[in-house]
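This report looks at pockets and helix packing. Have the coordinates open in a viewer as you read.

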Amino acid sequence: MVTELVQPRLAGVSRFTFWGFDVYQASLWVEPGFDSTTLARQRYALELRYLRGFKGRDIAQRSIDEMRRLGRFSEAQAQAWLQAMTQAFPDVEPGDRLLGIYLPGRGARFLANGRLTAEVMDAEFAQLFFGIWLSDKTSEPRLRQALLGQAVATSN
């Protein structure tokens, strides 16, 4: 499970639906004392259990597109991050799990079905990547609210 966290507990769960299609179920795992107002200073893990099949490269590209909505970064950064995420995210089938672990001030570690696939030691990348789901500027505010435990899990 989420062995890199100390006494992990589930903060929230939500299903992401796009145009009526179930895409994945997202779960946020946190450590004792977690405070959603100080996300950047705390270790946590975001798990996506896919409900449909996708190419890993498509997941990586969609992540870059969402990250662009949250902040500015150079094309060189985008290409480096896209390459790192392409390594981190294999093609997925229904039931596959991708886990991202936020490492405050350092970066992120990624696992696919429990196997380490990549580490991206870039704090800016990590903040923007996890911001896709957890930033107050996310394109899916209800999903964010459910993950942070502030609402009952909802479909978008």
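How do the residues of the lining of the second largest pocket divide into nonpolar, polar and charged?

## Second largest pocket

The model is predicted. In the second largest pocket, the lining divides into nine nonpolar, six polar and two charged residues. The volume of this pocket is about 260 Å³.

Its lining has 17 residues. Nearest its centre lie Leu 39, Gln 127, Gly 131, Leu 134 and Ser 135. Helix H3 gives the most to this lining, with six residues.

## Largest pocket

The largest pocket has a volume of about 510 Å³. It is lined by 25 residues, and the closest to its centre are Phe 16, Val 23, Tyr 24, Tyr 50 and Arg 62. By class, this lining has 17 nonpolar, four polar and four charged residues.

At least two lining residues come from each of strands E1 (9-18), E2 (21-30), E3 (44-50) and E4 (97-103), and from each of H1 and H3. H1 gives the most, with five residues.

## Packing of H1 and H3

Helix H1 spans residues 56-70 and helix H3 spans residues 123-134. They pack at an angle of about 100 degrees, and their axes are 8 Å apart. The two helices are therefore roughly perpendicular to each other.

On the H1 side, the contact is made by Ser 63, Glu 66, Met 67 and Leu 70. H3 brings Phe 125, Leu 128, Phe 129, Gly 131 and Ile 132. The contact residues divide into six nonpolar, two polar and one charged. Gly 131 of H3 is in this contact and is also one of the residues nearest the centre of the second largest pocket.

Note on methods. Residues are numbered from 1 along each chain as its sequence is written. This is a predicted model: local features need pLDDT of at least 70, side-chain atom pairs count only at pLDDT 80 or more; totals for chains, interfaces and linings use all residues. Side-chain values use heavy atoms; hydrogens and water are left out. Axes are lines fitted to C-alpha atoms, for helices over the stretch in contact, and angles run from 0 to 180 degrees between N-to-C directions. Helices (H or I, at least four residues) and strands (E, at least two) are DSSP runs, numbered from the N terminus. Angles under 35 degrees count as roughly parallel, over 145 as roughly antiparallel, 65 to 115 as roughly perpendicular and the rest as oblique. Contact means heavy atoms within 4.5 Å. Ala, Val, Leu, Ile, Met, Phe, Trp, Tyr, Cys and Pro count as nonpolar, Asp, Glu, Lys and Arg as charged, and the others, Gly among them, as polar. On a 1 Å grid over the protein atoms alone, a cavity is a set of points where a 1.4 Å probe fits but cannot get out, and a pocket is an open set with protein on both sides within 12 Å along at least five of seven lines; lining residues have an atom within 4 Å of a point. Grid points are joined across faces, edges and corners, and a volume is the space filled by probe spheres set on the points.
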